[in-house]
Amino acid sequence: MLADTRMPGFKELNFTVVFVSMLLSFIVILLAMYTTIFERTREIGILKAMGASRAFIIGMILKESVMICFLGIIFGVIVSALMREAILVAFPTLQVAMTPRDLVRACALGLAGGTLGALYPAYRAARQDPVRALTYE
């Protein structure tokens, strides 16, 4: 018997935990990518001065964000599996479900949060004036 059928309010708690995790993921990626853009202002200015389009700059930043998300997803899945096994060893009567559906949902949510978090910094970087960016120190 699953916990959500035995405990009233478990689905709502689960939704809240997932929502807060997504929000934190979005904010962390947003801040990380914003800081990265801020530190790479000259590099972006050079790319724009050499003729890089807005779409190229946005694509470059989004690809970087997706790579970071994939690394985080791999790390998260490995740590989750290890923690599940540790819990099962410590508490053999406790049931811990981690279905492939749950893993796919977690991966999709992590990727979506990371990509959405990188959109604004990518757009902001693409709008930079190359002359100002090159004089930035």
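1. Helices here are DSSP runs of H or I with at least four residues, numbered from the N terminus. This is a predicted model: local features need pLDDT of at least 70, side-chain atom pairs count only at pLDDT 80 or more, and totals for chains, interfaces and linings use all residues. Residues are numbered from 1 along each chain, and side-chain values use heavy atoms, leaving out hydrogens and water.

2. Helix 2 covers residues 10-39, 30 residues in total. From first C-alpha to last it reaches 43 Å. That is close to the expected 44 Å, taken as 1.5 Å times one less than the number of residues.

3. I29, M33, T36 and I37 of helix 2 are buried (under 20% relative accessible area, 1.4 Å probe, protein chains only). The buried residues of this helix pack against helix 3 (41-49), helix 4 (54-90) and helix 5 (100-126). Contact means heavy atoms within 4.5 Å.

4. Helix 2 and helix 5 cross at roughly 30°, their axes coming within 8 Å. Axes are lines fitted to C-alpha atoms over the stretch in contact, with angles from 0 to 180 degrees between N-to-C directions. The contact residues divide into 14 nonpolar, five polar and one charged; Gly counts as polar. On the helix 2 side they include F26, I29 and M33; on the helix 5 side, G113, G114 and R124.

5. S65 sits in helix 4. Its relative accessible area is 0%, so S65 is buried. The S65 side chain reaches the backbone oxygen of G114 at 3.0 Å. Leaving out residues up to four places away in sequence, S65 touches I29, M33, G114, T115 and A118.

Notes
Helices (H or I, at least four residues) and strands (E, at least two) are DSSP runs, numbered from the N terminus. Buried means under 20% relative accessible area, exposed over 50%, partly exposed in between (1.4 Å probe, protein chains only). A polar contact is a pair of N or O atoms within 3.5 Å; within protein, one must be able to donate a hydrogen and the other to accept it, and residues adjacent in sequence count only if both atoms are side-chain atoms.
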